[in-house]
Amino acid sequence: MTEVQNPNSKTPTSNGPQAALAYSSPPALMTEYKEIETTVGNALATAARRIPGETPRLEAEILLAHILGQSRAWILAHPEVLLKPGKVAEFDSTLSRLADGEPLAYITGYREFFGLDFLVTRDVLVPRPETELLVEYALAAIGERRVAGDGPPFTLHASRFTTIADIGAGSGCIAVSLAVNLPEASIIATDISSAALAVARANAARHGVAERIDFKQGDLLDPIAGPVDLLCANLPYIDSDELSALTVARNEPRLALDGGIGGTELVERFLAAAPGSLNPGGMLLLEIGATQAEAVSATARAAFPGATVEIHKDLASLPRLVSIHL
Ligand SMILES: C[S@@+](CC[C@H](N)C(=O)[O-])C[C@H]1O[C@@H](n2cnc3c(N)ncnc32)[C@H](O)[C@@H]1O
């Protein structure tokens with residue numbers, strides 16, 4: 001356990017994954033630390049210049065909150081608080097890891113997805129915001145609401161969607177988010193990686209849905225005994241050759257990223273086997289790479305002749321989701 005000096009207390013506090021989520025009441029600046037010159041505000045301003053990516057300031061705030069065992073709200077409210085040199089050094093060394101491409105979630109140990117916080121280790125892909133599109137679409141479709149898209153609207157009934165399978169569950173972000181939002185559903189979460197399944201199990205327990213999720217290790221649909229109402233998958237979809245050149249390959253599990261030659265080998269194998277695992281009237285949702293919409297929808301139409309196959313765009317207007325309605 002890392003010892004954290006809470007500026008409001010002489011008692012070290014836990015620096016666990018939840019630390020940055022918990023809100024503590026604002027402390028008064030204590031005079032005994034006045035010899036330390038770096039403030040929260042200065043540390044954040046310097047850090048934001050070192051962090052790559054689109055949200056450096058946000059990442060700096062989350063990281064410093066994690067290191068101090070405080071909430072982000074507290075960090076924002078206390079730019080004047082002085083940091084102990086040990087904390088400055090710890091912040092500095094974690095900033096170097098971020099600057100080197102290590103995901104923030106591996107450093108803090110958690111990532112928010114669909115409004116829930118998920119434990120994350122190096123055994124799983126860090127949940128991505130674009131994957132929320134799949135969960136949103138599933139809940140909108142099952143909730144009998146009109147679903148935006150190019151094709152006709154579907155009115156599906158929640159009571160018909162009681163069995164769900166999430167293939168390649170990783171951290172469990174899809175399976176757990178669906179379980180939390182669909183209290184009637186029973187869910188199977190599979191992954192070829194037993195280490196990933198252990199993380200998914202921990203997340204299910206954390207959100208009180210472990211009893212409704214059956215975790216099974218195996219290749220694609222092999223662990224699914226009978227057909228289900230909704231099949232979800234976010235399988236690896238990066239081209240094997242392109243992957244080696246990407247920073248993400250250095251930092252996240254290759255097993256979660258490598259989609260084989262052309263990036264669609266796993267997706268093609270999954271779609272070819274999927275018809276036997278889906279009940280009549282069922283739905284399949286598959287996240288895809290932004291350049292794969294045409295190829296994957298052609299494969300989907302070949303696997304499910306007569307079904308309605310649609311492509312959906314994410315908030316960045318990129319085609320990221322294929323839906324198949326039987
Ligand atoms: C892109 S990650 C997605 C993880 C999680 N569902 C998410 O959306 O963040 C793909 C997952 O598929 C798993 N996987 C890779 N090959 C697989 C296979 N042949 N069968 C089942 N799962 C596989 C990986 O271990 C990884 O956890």
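Predicted model: local features only at pLDDT ≥ 70, side-chain atom pairs only at ≥ 80, totals over all residues.
Local features require pLDDT of at least 70 and side-chain atom pairs count only at pLDDT 80 or more, whereas totals for chains, interfaces and linings use all residues. Residues are numbered from 1 along each chain as its sequence is written.

The protein chain holds 12 helices and 9 strands. These elements are DSSP runs (helices H or I, at least four residues; strands E, at least two), numbered from the N terminus. Of the 326 residues in the protein chain, 40% are buried. Burial was assigned from C-beta atoms placed from the backbone: buried means 20 or more others within 10 Å, exposed means 12 or fewer, and partly exposed lies in between. Among contacts with a separation of 6 or more, 65% link residues 24 or more positions apart. A contact is a pair of residues whose C-beta atoms, placed from the backbone, lie within 7 Å.

An open sheet is formed by 7 strands in the order β5-β4-β3-β6-β7-β9-β8, with mixed pairing. Pairing requires at least two DSSP bridges between two strands. Strands β5 (213-217) and β8 (308-313) stand at the edges with a single partner strand each, so one side of each has no neighbour in the sheet. From one strand to the next, the twist averages 15°. Helix α7 (residues 173-181) packs on the sheet and touches β3 (163-167), β4 (186-191), β5 and β6. Its direction makes about 175° with that of β4. Axes are lines fitted to C-alpha atoms, for helices over the stretch in contact; angles run from 0 to 180 degrees between N-to-C directions.

Two parallel pairs illustrate the arrangement. Strands β6 (residues 228-233) and β7 (residues 278-287) pair over 5 bridges in the parallel sense. Here Val-228 stands opposite Leu-278. Strands β4 and β5 also run parallel and are joined by 5 bridges. Thr-190 has Lys-216 in β5 as its bridge partner. Between β4 and β5 the chain passes through helix α8 (residues 194-206) in a right-handed β-α-β crossover. Right-handed means that, with the strands pointing away from the viewer, the path from the first strand over the helix to the second runs clockwise.

The largest nonpolar core comprises 82 residues. Such a core is a set of buried Ala, Val, Leu, Ile, Met, Phe, Trp, Tyr and Cys residues joined through C-beta atoms within 7 Å. Residues with the most contacts inside it include Leu-64, Ala-138, Leu-178 and Leu-231. Helix α2 (residues 56-68) gives the largest share, 7 residues. Domain 1 (31-108) and domain 2 (121-325) both contribute residues, so the core lies between them. Domain bounds come from an automatic or database domain assignment. Beyond four places in sequence, Leu-178 touches Val-135, Ala-138, Ile-164, Ala-185 and Ile-187.

Two residues other than glycine have positive phi values. Phe-114 has phi near 50° and sits in the loop between β1 (110-113) and β2 (116-119). Phe-114 is buried, with 20 other C-beta atoms within 10 Å. Ser-317 has phi near 65° and lies in the loop between β8 and β9 (319-325). Ser-317 is exposed, with 8 C-beta neighbours inside 10 Å.

Pro-127 lies in the loop between β2 and α6 (132-142). Pro-127 is buried, with 25 C-beta neighbours inside 10 Å. The C-alpha atoms of Pro-127 and Ser-171 are 7.3 Å apart, although 44 residues separate the two along the chain.

Key. Contact = placed C-beta atoms within 7 Å.
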